[in-house]
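Subject: Structure handover

Hello,

I am passing a structure on to you. Please open it first, then read my notes beside it.

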Amino acid sequence: MSWIFLPGGSQRGDLQIRGGAELQLNARPAGADCAAHRLRGHYTILKPMAAPSANPDTGTDTIVAISTPPGRGGIGIVRLSGPLSASVAVQLVRLRQPLEHGRARLAAVLDEDGGVDAGRIDEALVTFFGAPHSYTAEDLVEIAAHGSPVVLELLLNRALGLGARLAEPGEFTQRAFLSGRLDLTQAEAVRDLIEAQTLTQARQAASQMGGALSRRVQPAKQALVELVALLEAGIDFAEDDIDVTPQAEIARRIAEIIPPLDALAASFTRGRIVHDGLTLAIVGRPNAGKSSLFNCLVERDRAIVTAAPGTTRDTVSERISLDGIPLELVDTAGLREGLSESLEEAEQLGIVRSREAMADAALVVVVLDATQPLNEEERRLLASVAGRPALVAINKCDLAPATPVSHECGVLPNVATSALTGEGIPALRERILTLATGGAAAEPGILTSLRHRNAIVTALSALSDAAQANANSIPHEMILLDLYRALWALDSLTGQTTPDDILALIFSTFCIGK
Ligand code: GDP
């Protein structure tokens, strides 16, 4: 928490008046460094200068872990990172040639005691990467043995006995981040790549790992840092004849920073569904062809299809990848509880089940039967999804024209399909995709995580506060607080901006002291 001393009566934005003259800055990130600044006029400001930083200590201990998944496989890798990596590794194996950066060496994996007489229990390829040219930027060794859990456990336990420590989950990537080799978005992309379920997800993660998101944020951040430097220079070096930046100039600069960040925030619509996927419920009366359409989309027989209505007795779901977007398809039951029921009752039950499934689904496909006139329940069903992301498949179009039914679909987009002949299925996929993505096209460097989106939204809101403050002719010291808030938010994506960065820019841009 920091305190700002202003002439009495001042108030704005996130600042609250305390005791008439002291203003309290809320929501200041913990750990932010404060530098007392003498300002022109009568007041003193305790100005946060830097975002909270990650612990720069990259750790001097050596960590070890089995890096391949649990279980048996052709190859299993034990990875070491830290100053003792090489010295521990050479005691685990018998090398024919000394370790050399980036070279794989054939070696015998030694049994239990590792002494000169130790027996060979496996063969391995040992690769050494010298600091800073490794994944973690530390000395790093990978021992690729056969994927026997017994051998890998032996290597791990012996490494622990020789002074290495068991790595925490994600600690190799954490070290890469702490050493500055990866920024936070890249480190997160490593996790996303590993967890990717579709090729599109993997490509998205790979592009983020390559720094696509950071590169997209960077120009806006650079423009923001320049504006901060401009205002700081006007305040801190007033005696050096630095002109005070005109209000219009500040407004213009802020207005330039906002649109690219807005576009980035908007990319979250597609990014979120690429990352998390969506649930799509297929609903409608029994026998309309829901299961058949479900199977067409899944492209294999997952749900049971029969000519008797109401045979899909329970909800069936399947995960598919539609143009790389993970979709959980839910085929709702056209449930018929007993033989005594009339067909009408069965249909109603089917619709009730559909309603339940629809409640949780992000997207809905209503299946109508082109050979049947709409019943009351179906009309109500259509009305209930009218305001939601939904579309209508008018099925069995091989038996009857879809047009009469399509007139009843109102605002909902409709597609004529035949689950039997496959007609209209590509169009159905296309429509589902448009519905899922909101029409947003694939682009590089999109936001896929809520954390990233929140950072951009925070930056935008702080910039909007700064623009407002500037329009109200609020002192530059106060505008700077908003700009720093925006900068911290962007820092949380691309890495920290230090006071030195800003000072360097001030000194390189202005002829201070001349
Ligand atoms: P559900 O109860 O809505 O899941 O309907 P089903 O998928 O089980 O289909 C009911 C019956 O309609 C089955 O005999 C299907 O073979 C048939 N059917 C489904 N779709 C079509 C279609 O597009 N054309 C024709 N001719 N028959 C279809």
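Predicted model: local features only at pLDDT ≥ 70, side-chain atom pairs only at ≥ 80, totals over all residues.

**The chain overall**

The chain holds 16 helices and 18 strands. Of its 514 residues, 48% are buried. The exposed surface comes to about 23900 Å², and carbon and sulfur atoms supply 54% of that area. I also looked at contacts between residues at least 6 apart in sequence. Of these, 62% join residues at least 24 apart.

**Helix 14 and its two partners**

Start with helix 14, residues 450-471, and helix 15, residues 476-494. They pack at an angle of about 165°, and their axes are 8 Å apart. That angle makes helix 14 roughly antiparallel to helix 15. Their crossing is left-handed. The contact between them has 13 nonpolar, five polar and four charged residues.

Helix 14 also packs with helix 7, here at about 160° and with the axes 10 Å apart. Angles over 145 degrees count as roughly antiparallel, so helix 7 and helix 14 are described that way. Helix 7 passes helix 14 in a left-handed crossing. On the helix 7 side, the contact residues include Ile250, Ile254, Ile257, Ile258 and Leu261. On the helix 14 side, they include Ile456, Leu460, Leu463 and Ala467. By class, this contact has 15 nonpolar residues, two polar and one charged.

**Helix 4 and helix 5**

Helix 4 covers residues 184-195. Its angle to helix 5 is about 155°, with the axes 8 Å apart. Helix 4 and helix 5 are therefore roughly antiparallel to each other. The crossing is left-handed. From helix 4, the residues in contact include Thr185, Glu188, Ala189, Val190 and Leu193. They meet Ala202, Ala205, Ala206, Gln208 and Met209 in helix 5. The contact divides into seven nonpolar, three polar and two charged residues.

**Helix 8**

Which residues of helix 8 are buried? They are Phe268, Arg270, Gly271, Ile273 and Val274, within a helix that runs over residues 268-276. What do these buried residues pack against? Their helix partners are helix 5, helix 7, helix 13 and helix 14. Strand 13 and strand 15 are also on the list. Just after helix 8 comes glycine 277, with a positive phi of about 80°.

**Backbone details in the loops**

Most residues other than glycine have a negative phi, and most peptide bonds are trans. Some places in this chain are worth a look with that in mind.

Two of them sit in the loop between strand 10 and strand 11. The peptide bond joining alanine 131 and proline 132 is cis, with omega about 0°. Proline 132 lies in that loop, between strand 10 (120-129) and strand 11 (140-147). Alanine 137 is in the loop between strand 10 and strand 11 as well. Its phi is positive, about 70°, although alanine 137 is not a glycine.

Another is asparagine 287, in the loop between strand 13 and helix 9. Its phi is near 80°, again positive in a residue other than glycine. Is asparagine 287 buried, partly exposed or exposed? Asparagine 287 has a relative accessible area of 35%, so it is partly exposed.

Best wishes

Technical notes
Residues numbered from 1 in each chain as written. Heavy atoms only, no water. Axes fitted to C-alpha atoms, helices over the stretch in contact; angles between N-to-C directions. Helix = DSSP H or I, 4+ residues; strand = E, 2+ residues; numbered from the N terminus. Parallel < 35°, antiparallel > 145°, perpendicular 65-115°, else oblique. Left-handed = near helix turned anticlockwise from the far one by under 90°. Nonpolar A, V, L, I, M, F, W, Y, C, P; charged D, E, K, R; others polar. Buried < 20%, exposed > 50% of the residue type's maximum accessible area, 1.4 Å probe, protein only. Contact = heavy atoms within 4.5 Å. Areas by Shrake-Rupley, 256 points an atom, 1.4 Å probe, with all protein chains shown as cover.
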